[in-house]
Amino acid sequence: MKIYKIMERKYIWFFISLAIIFAGLISAAINGLNWGIDFTGGTILHYNMGQTYELSEVRKTLTDLNIKDFEAKKAGDDGNELIIRTVVLSKDEQSKITESLKNKFSKIELIRAEKVDAVIGSELRKQAIVALIIANILMLAYISFRFQFISGIAAVLALIHDVLIVISWYALFRVPIDSSVIAVILTVVGYSINDTIVVFDRIRENLKNAKKVSFNEIANISIAQTLARSINTSLTTLLTIIALNLFGGETIKDFTMALIIGIVSGTYSSIFIASPLWSIWRKDAKTA
Amino acid sequence: MNYRTKSLLKIALILILAAFLAYTLLYGIKIGPYKQAPLSKSIKLGLDLQGGVYVLLEAEPKPGQELNEEKMNSAVEVIRRRVDQLGVAEPLITRQGNTRIRVELPGVKDSQKALEIIGKTASLRFVGPDGTVILTGDNVRDARAIYGQANEPMVSLKLDDTGAKKFAEATKKYFEQPIAILLDEEVISAPVVKAVITNGEAVIEGLESIDRAAELAALIRGGALPVDLVQREVRTVGPTLGADSLAKSVAAGKIGVVLVILFMILYYRLPGFIADIALMIYVMIVLTVFIAIGATLTLPGIAGFILSIGMAVDANVLIFERFKEELRNGKTLRSAIDAGFNRAMLTIFDSNITTIIAAVVLFYFGSGPIKGFAVTLIIGILTSMFTAIVVTRVLLSNIIASKLFVNKKLFSA
């Protein structure tokens, strides 16, 4: 079994993570996050054009209709689908768009339409934040109860790290954040804590048996012992979720991509972030 | 019966049970009065998978009035009647919170028409025999089912001041003629005027039962609903997109499962193969639970389920890694497998509980598809703990006990 000096290089890991998070936060501060219509309110129209087409023609059609605030993007396996995102449109405006597009693309078919009021969005945002805080507090309580408070804090910080990485991904690549973001974040949180606990469990077990070795050594050994498991489990999870991302269709692409980022981050943080954090505070606490 | 035969019998029993479960899911089953349709027919699909319309309505009181339970319930009643006109097979109309109504219409093709019918303002009108509109719902204050003096069921109406004045004129004009009461263009009652009513308190007689009276009263109250319904959220998914999403996600799921199965066999050999059997049982149990609780499968739900398949082998991965360690330390297969299970147990327990905590919070705060995602996650975790711990353990320790395979290489040592 090869034992890597993971604990000794903790500041490198911290730096890597902070750099990514920092980049994400800066991007969010400058460009803002790309809140989807679930949060901002708005309309999404999803068409099957039935033919190849140019986005510029679509843009022209909408501008001619005096619709200023919109995003149009190509979708679908062959790029024959069109997704338009705008502010809240009235029923009339919506059918006008469909009619005008129909004049240019005769085979066009509206396959999905969503309209959300801004009121719902602000409630959703509140819900998301509350859900996240409560989930974290409950998990912190559970880990503190099963391990110790210090390790609970380390584990929860690793979780927050993962959440921030996922948010950075949304920010850096301007991915629209829809209501599934809550599911993404809490799944990632659940996955990441799962991973962290496996490593912590091993550390706790090894601490009991070995007396004269330093915490760092025990942590390195424990990580090495659980490494095959960490890699294999994220591999099997990633296999399924990557399959979904590649073959599961347009509507869940962003959703599954966020999960992939989160799961990779969750595995990374349980090895490179959680245990080093635990060791830092343990040193200060000495007796713990 | 010797020890070996017993072990082999136990393995056979589990495999037979699994085969039975697989058959039930694929082809359905009928035992006496109990019938179970095959999975493809018995599982409910969400709007995003079969297409349809979802509307979230919010009731807003008219100026100077307040919302209350009764008004909300009448509003739900009105919406239900309108949806009935659409002839949707399984509409879902539910209250959400104090002021909202969720309407889900699976399979609706003409979403435009559906939205118009749901969205129009309630139009209760009293119309004279010559077609002139006497009153609208705005003038009706209340309607109640009551018993008359001879214990006959009737509906009592209370009108506001303008309504009373108009009604007095109309009852004079149409004396002994019928006045039709129309709700959304449909005649719900056409009582004949028997007296000139000036005080704004009328009764509708000639109803066959108190239930009919109650229904009529509810309709009139509903039509006179002093609330406006605003469409806060409207989502329509075309049937082709729904079917496409379903086919794609199922295909992707199959690919994912095959990859996981291959990985487990290649990496863990015989135990990996056992874990794959347990995984198949896991998939079948989860699907059976979905059917049993009448869960509605949505796209995020399927995604959650497929994700859970990848995570379901985690417990086995943990156990097998321990098992390999024990084998490397020179233990026999038998004691290594026991030690592997025992040592991994606490970890599996701790890690799964924390994931469940997150899922429960997700369930509590989420709505719609997100709730579905949480439910699939919780069912998945609980089931995987059973299959990955109990099923694999019984299979694996009996295979070892049966001495069918003794080469440690088969156990990836």
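Student: Which element of chain A has the lowest mean pLDDT, and which the highest?
Tutor: pLDDT is the predictor's confidence in each residue, from 0 to 100. On that scale helix 5 (residues 118–146) of chain A has the lowest mean, 85, and helix 1 (residues 10–31) of chain A the highest, 95. This is a predicted model: local features need pLDDT of at least 70, side-chain atom pairs count only at pLDDT 80 or more, and totals for chains, interfaces and linings use all residues. Side-chain values use heavy atoms, with hydrogens and water left out; residues are numbered from 1 along each chain as its sequence is written, and chains are lettered from A and ligands numbered from 1 in the order in which they are written.

Student: What are the averages for chain A and chain B?
Tutor: Chain A averages 89, and 98% of its residues score at least 70. Chain B has a mean of 85, with 97% of residues at 70 or more. For the complex, the predictor gives an ipTM of 0.88 and a pTM of 0.83.

Student: How many helices and strands does chain A have?
Tutor: Chain A has nine helices and four strands. To be counted, a helix is a DSSP run of H or I of at least four residues and a strand a run of E of at least two, numbered from the N terminus.

Student: What is the secondary structure of residues 12–30 of chain A?
Tutor: The span is 100% helix and 0% strand, and its end C-alpha atoms lie 27 Å apart. UniProt, in an unreviewed entry, lists residues 12–30 of chain A among those with the feature "transmembrane region". Such annotations may be inferred rather than shown by experiment.

Student: Why are helix 8 and helix 9 of chain B called roughly parallel?
Tutor: The axes of helix 8 (residues 239–292) and helix 9 (residues 299–312) of chain B cross at roughly 0° and come within 8 Å. Angles under 35 degrees count as roughly parallel, over 145 as roughly antiparallel, 65 to 115 as roughly perpendicular and the rest as oblique. The two helices of chain B are therefore roughly parallel.

Student: Which residues meet there?
Tutor: Contact means heavy atoms within 4.5 Å. Among the residues in helix 8 of chain B are B:L246, B:V257 and B:F290, and helix 9 of chain B contributes B:I302 and B:F305, among others. The residues of this contact divide into 14 nonpolar, four polar and no charged.

Student: What makes strand 2 of chain A and strand 5 of chain B edge strands?
Tutor: Eight strands form an open sheet in the order 2(A)-3(A)-1(A)-4(A)-14(B)-4(B)-6(B)-5(B), with antiparallel pairing. Strand 2 (70–75) of chain A and strand 5 (92–96) of chain B each have a single partner strand, so one side of each is left without a neighbour in the sheet. The twist averages 20° from one strand to the next.

Student: How many bridges join strand 10 and strand 13 of chain B?
Tutor: Four bridges join strand 10 (residues 153–159) of chain B to strand 13 of chain B, and the two run antiparallel. B:V155 stands opposite B:I204. These strands belong to an open sheet with the order 9-10-13 in chain B.

Methods
Axes are lines fitted to C-alpha atoms, for helices over the stretch in contact, and angles run from 0 to 180 degrees between N-to-C directions. Ala, Val, Leu, Ile, Met, Phe, Trp, Tyr, Cys and Pro count as nonpolar, Asp, Glu, Lys and Arg as charged, and the others, Gly among them, as polar. Two strands pair if DSSP finds at least two bridges between them.
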